[in-house]
Amino acid sequence: MGMEPVAASPLSEQASDNHFSNNYTPKQHKKAASENFILSNGNGKRTPSTLHSVAVTPSPSPAPTSVRTLSPPLSRRKSTGSRESNRQASLPSRPSLDGKPFRTRDGSTPQKKTMLSSSDDDDEGRLRQGPWFLKLAKSYHSQGDNPAKAFQFAQRAVQCFEKSVDGKASLELVVSLHILAALHCRMGQFEEAVTALKRALEIPNPESGMDHVLATFSGNMQMGDTLALMGKHQLSLASYHAGLQIQKNSLGELDPRVGETCRYIAEAHLQAMQFDEAQELCELALKIHQEKSTGGTVEEAADRRLMAMVCSGKEDHEAALEHLLLSSTLLLANGLESDVAAVDATIGDALLALGRDTEAALSYQKAVTVFKATKGENHALVASVYVKLSELYMKTGKPREAKTFCESALRILGTHAAGHSVEDLVYGLADVAGIYEMMGEKEKAIELLSRAVALQGSAPGQHFTTAGIEAQLGIVLYMVGKYQQAHSSIRNSVAKLKATNDGKASNFLGMLMNQLGLACIELSEIDEACATLQEAKSIMEEACGPLHSDTLAVCSNLASTYDALGRTHEAINMLETILDVKEDRLGTIHPEVEDERDRLAVLMNEMGRSRMRKSNTLEELLTMAKFETARH
């Protein structure tokens, strides 16, 4: 939902802790990354066309948490099953503004003129004003009802500390800059937030003591959160890892608080679909929590649930199921029934992926029962499990039951008094739209996706999520023949992905540009289609390699545009390359190879050329003989 990071409480108030505490709020991760690949016809099959229409819906980008202290996260996404921390930031009580005296550090009662009207040249006055403005900024910021006032006081605090420190490292200035950066994020001013955090990172001197180390750690983690909001995920991960290294150097490699930070960063890697990096960090977190605790803990349960998501992303569903069952046992032992229900729903996903449909249905029903009892019948979690049940019944050939659960989910999401968050509504509508698309009710899917896009709007830091929904909408519009609307929706999605992709090539961006090229072809915009497909080809070659099947699909579409533009020689050369690769991989009698061969033959006949046919292997000859015998 684009929640902004919040700055740390004053270091002077936490110095006695002498360690890193945990104050991160989890943010929901709706689906395992492996579920983010969406085929253009919505049911896992390619459209029967010579043009390869495939697109990818990206997962939502990781959003920062609502409370930031000088401490590592416990977790930040509900999907890991992590326990939300009950410890809040060490914020002072709101200063008295009702005429009662406010005591300064020396215990005296300051005069109004001294505190609020000191001359800018009065260093002593600025030293007294700085903490006062900092406390006001923290108070208003924690209240959350007057961000403009909080921003004003944070700016005044920064000005006071900057003028009074005279080149010396001031941790109070660091805290003021952290609060200022958080307020910039709240107002959507991310560049200004990054500038403030960069200044804050230049001030602490790690050799000056643990407080300075804490300040550096906190600054790096908050910088990572802010960069994630901007969609700069690689830079965000680099900042997270810098904070993790500082924590390891200060606390040791196997400190339990290091384990919490490892899990936090592993979730960010998971959302970036970097499964190997996520698995490495998650294994370290699990090792730390197992060695440092006497029995099964909630932290270990959270580690195992995250590890299950990583395994699912790597298509290792058996391992995922094992971790989920252990996580459920640990949570049940700790009396966390609601969290057990969430794990049960994820267990259902793993069972469904393994083809154990009956067990998956029982697991989903169990989760629904607990959610209704603990959250209420109109809670968004109940709707999310209804969507899973709809998908299961569609897979098992029961569309009537699937539609019933879809309608129940929509009823819950449409209940205004239920207090659903915008995020829950957006994801819920998009998920239900996917089921309606599988049912063949594409107009209904378009209606729901359009509502989801309108709800999401331009929420700060949610460009990646919006791009995914717009891509899904564009694909469905393309399938029903609304090519102009499809072109507009997919183009908007591509623009957002390019803006948030850190300049790194990705296969889902490449395939989405392939889909955009197809829309251009249908609109007879051949020049635009050619340029788009050429860019898609370059992206796919960098992301997947020149001989990857998806790259070859883009090349096949590009060859069609070359042919339409009269660049026949280029089209022939590209099709020959594609055909050679497919013949080596699939054999000479594969239907897909035959299609490419026929296309190439037509172009070569036009040019008066011929291609030497590749000889069949003995196995292929025997297969062809059996096929001919069966026909006669």
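How do helix 12 and helix 13 run relative to each other? They are roughly antiparallel, a label for angles over 145 degrees, while angles under 35 degrees count as roughly parallel, 65 to 115 as roughly perpendicular and the rest as oblique. The model you are looking at is predicted, so local features need pLDDT of at least 70, side-chain atom pairs count only at pLDDT 80 or more, and totals for chains, interfaces and linings use all residues. Residues are numbered from 1 along each chain as its sequence is written, and side-chain values use heavy atoms, with hydrogens and water left out.

**The chain as a whole**

- The protein chain has 26 helices and zero strands; these are DSSP runs numbered from the N terminus (helices H or I, at least four residues; strands E, at least two).
- Of its 632 residues, 53% are buried, where buried means under 20% relative accessible area, exposed over 50% and partly exposed in between (1.4 Å probe, protein chains only).
- Among contacts with a separation of 6 or more, 67% join residues 24 or more positions apart; contact means heavy atoms within 4.5 Å.

**Helix 12 with helix 13**

- The axes of helix 12 (residues 317–333) and helix 13 (residues 337–353) come within 9 Å and cross at roughly 165°; axes are lines fitted to C-alpha atoms, for helices over the stretch in contact, and angles run from 0 to 180 degrees between N-to-C directions.
- Helix 12 passes helix 13 in a left-handed crossing (the near helix is turned anticlockwise from the far one by less than a right angle; clockwise would be right-handed).
- Residues making this contact include His317, Leu321 and Leu324 of helix 12 and Asp339, Val340 and Val343 of helix 13.
- By class, the contact residues are 11 nonpolar, four polar and two charged (Ala, Val, Leu, Ile, Met, Phe, Trp, Tyr, Cys and Pro are nonpolar; Asp, Glu, Lys and Arg are charged; the others, Gly among them, are polar).

**Helix 17 with helix 18**

- Helix 17 (residues 422–439) packs against helix 18 (residues 442–456) at about 165°, with the axes 8 Å apart.
- That angle makes helix 17 roughly antiparallel to helix 18, and their crossing is left-handed.
- Tyr436 and Glu437 of helix 17 are among the contact residues, as are Lys442 and Arg451 of helix 18.
- This contact has 13 nonpolar, one polar and four charged residues.

**Helix 21 with helix 23**

- For helix 21 (residues 507–522) and helix 23 (residues 549–564), the axes come within 11 Å and cross at roughly 20°.
- Helix 21 and helix 23 are therefore roughly parallel, again with a left-handed crossing.
- Met511, Asn514, Leu518 and Ile521 of helix 21 meet Asp550, Val554, Asn557 and Thr561 of helix 23.
- The residues here are four nonpolar, three polar and one charged.

**Two residues to look up**

- Aspartate 211 sits in helix 7 (residues 210–229) and is partly exposed because its relative accessibility is 23%.
- The C-alpha atoms of aspartate 211 and leucine 171 are 8.0 Å apart, although 40 residues separate the pair along the chain.
- Lysine 248, in helix 8 (residues 233–251), counts as buried because its relative accessible area is 15%.
- Leaving out residues up to four places away in sequence, lysine 248 touches Glu253, Val258 and Leu284.
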